[in-house]
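Let's take a walk through this fold, starting with the overall layout and ending with a few side-chain pairs. Keep the viewer open as you read.

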Amino acid sequence: MDRTTRAARHDASELPSLRGLLRRHGLRRTAGRLRILSLLRESGQHLTATEIRTRLERTGEGRHSTTVYRSLEALTALDVVHAVPGPGPTRYGITGEPHHHTVCQQCGHVADLAGAPLVDAVRRIEELTGLRPGTSGSLLVYGLCSHCAA
């Protein structure tokens with residue numbers, strides 16, 4: 001089975017859950033939004049709008065840059081997708097279990113950081129500052145990734 005066939009089969013199996021995700025948030029289930037969510041889920045990474053558009057083009061499902069940005073804006077506004085600012089362009093990831101992020105200040109790489117081990121730290125930050133994290137609120141820890149630090 002080639003990569004395209006595997007990707008199509010993977011997409012078909014996850015479409016009902018992605019459609020439900022959009023429905024729960026009151027968004028129209030357009031092909032573009034579904035494909036963007038599928039790409040983010042498949043990649044397991046935080047991608048820039050340009051990376052998303054490029055990957056869509058590679059699969060023959062190209063979308064205009066404006067369409068990708070508008071879709072990401074709508075998905076982010078309703079907390080279906082979260083945006084992680086860093087050096088360089090903003091990166092986007094699927095919102096799921098609450099988690100935090102590490103961001104490399106040199107290359108911009110974003111990695112998930114599990115929320116559970118940091119519960120006490122977040123609680124202490126709240127005590128010190130009075131800031132109450134929202135449901136999708138996360139800590140952004142900036143530094144150098146292992147590749148850039150070497």
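Helices here are DSSP runs of H or I with at least four residues, strands are DSSP runs of E with at least two, and both are numbered from the N terminus. By that count the protein chain has six helices and six strands. Going along the sequence, their order is α-α-β-α-α-β-β-β-β-α-β-α.

A word on ground rules: this is a predicted model, in which local features need pLDDT of at least 70 and side-chain atom pairs count only at pLDDT 80 or more, while totals for chains, interfaces and linings use all residues. Residues are numbered from 1 along each chain as its sequence is written, and side-chain values use heavy atoms, with hydrogens and water left out.

How much of the chain is tucked away? Of the 150 residues in the protein chain, 31% are buried, where buried means under 20% relative accessible area, exposed means over 50%, and partly exposed is in between (1.4 Å probe, protein chains only). The chain exposes about 9200 Å², with carbon and sulfur atoms supplying 52% of that; these areas come from the Shrake-Rupley method with a 1.4 Å probe, and for residues only the protein chains shown count as cover. Take the contacts (heavy atoms within 4.5 Å) between residues at least 6 apart in sequence: 46% of them join residues at least 24 apart.

Now find strand β4, residues 99-104. Five of its six residues are buried, and β4 pairs with two other strands, where pairing needs at least two DSSP bridges between the strands. With strand β5 (residues 110-114), β4 runs antiparallel over five bridges, and V103 has V110 as its bridge partner there. The hairpin of β4 and β5 has five residues between the strands, and in it G108 takes a positive phi near 85 degrees. With strand β6 (residues 140-143), β4 pairs in the parallel sense over four bridges; here H101 is partnered with L140.

Next, look at helix α4, residues 65-77. Which residues of α4 are buried? They are V68, S71, L72, A74 and L75. The face turned away from the buried side carries the exposed residues R70, E73 and A77. After α4 comes D79, with a positive phi near 65 degrees.

Finally, the charged pairs. The whole structure has five salt bridges, each a side-chain nitrogen of Lys or Arg within 4 Å of a carboxyl oxygen of Asp or Glu. One of them joins E57 to R53 at 2.9 Å, N to O. These two are four residues apart in helix α3 (residues 49-58), about one helical turn. An α-helix has 3.6 residues a turn, so residues three or four places apart point the same way. In helix α5 (residues 119-129), E127 and R124 sit three residues apart and form a salt bridge with the closest N and O atoms 3.2 Å apart. E127 is exposed at 54% relative accessibility, while R124 is partly exposed at 45%. In the salt bridge between E42 and R35, R35 is buried at 7%, whereas E42 is partly exposed at 31%.
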